[in-house]
Amino acid sequence: MSRALRALSSAYVERRHKLAEGAALDGAGKRAAFALFYGPIHFLLVREILRAIPRTEAGDTIVDLGCGTGAAGAAWATTSEHPPRVVGIDRHPWAVAEAAWTYRQFGLAARVERADVTRAQWPKPPVSIVAAYSANEIVDEAARDALWRQLIDRTRRGDRLLVIEPLARSVAPWWVRWRDVVIAAGGREDEWRFRVELPAIVNKLDKAAGLDHQELTGRSLWVG
Ligand SMILES: C[S@@+](CC[C@H](N)C(=O)[O-])C[C@H]1O[C@@H](n2cnc3c(N)ncnc32)[C@H](O)[C@@H]1O
């Protein structure tokens, strides 16, 4: 497992150019490492971010863009007083099946869709949209920009939007442009560092793979 986790981490850091071809999830070991390690890590980080930003109650529907294992949508739904329904969208067949399982484990009403988020249709506003660690995997700049215009337009029609990416700026060179639009729209940008007690298995894998997640970090854009 720790070998697979190292391979997965290297796919995200050193072999980023392969992400668009699905390199991160192309083997059973990496998929297991993604579900067992990054699933809980992203869940915990998203939960802390939502607790730290005021008034993030999700409303009736959450749309989890590039849902992966469904960690971000599940974190938002379970920090909301009245659990909303969740729509998870991902291009990867394994991810959508895994997300359906995650949402079910949390007792959430949910639907998953296998689709490219730059082309998919999703429920009309007002919904709560989360894109956690997924926008940086959209390598087609024109498609990413079009998605961004659509997201911002939807916030004007009542959607809430939470975008999360790693602190490393090189991962998302477009971040500064997105941030300026969010600030102009009355939203906020934050950088986060949380000390969270990790589940024992996550802690063990962290050490075994030579990683260091004693502090969970990330940056976010929020339009409420
Ligand atoms: C690093 S994972 C993050 C998953 C999840 N949001 C989380 O926080 O754990 C990125 C996910 O985005 C998905 N993805 C990347 N580009 C996509 C696209 N254009 N359309 C749909 N899904 C996409 C990948 O398949 C992958 O599951």
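Two strands pair if DSSP finds at least two bridges between them; strands (E, at least two residues) and helices (H or I, at least four) are DSSP runs numbered from the N terminus. The model discussed here is predicted: local features need pLDDT of at least 70, side-chain atom pairs count only at pLDDT 80 or more, and totals for chains, interfaces and linings use all residues. Residues are numbered from 1 along each chain as its sequence is written, and side-chain values use heavy atoms, without hydrogens and water.

With strand E4 (residues 128-132), E5 pairs in the parallel sense over 5 bridges, and arginine 160 in E5 stands opposite serine 128.

Attention now turns to the aromatic rings. The whole structure holds 8 aromatic pairs, counted for rings of Phe, Tyr and Trp (its six-membered ring) with centres within 6.5 Å; planes under 30 degrees apart count as stacked, over 60 as edge-to-face and the rest as tilted. Tryptophan 148 and tryptophan 178 are stacked because their ring centres lie 4.0 Å apart and their planes meet at 10°. This pair links distant parts of the chain, 30 residues apart: tryptophan 148 belongs to helix H5 and tryptophan 178 to helix H6 (residues 175-184). Both tryptophan 148 and tryptophan 178 are buried.

How values were computed: Buried means under 20% relative accessible area, exposed over 50%, partly exposed in between (1.4 Å probe, protein chains only).
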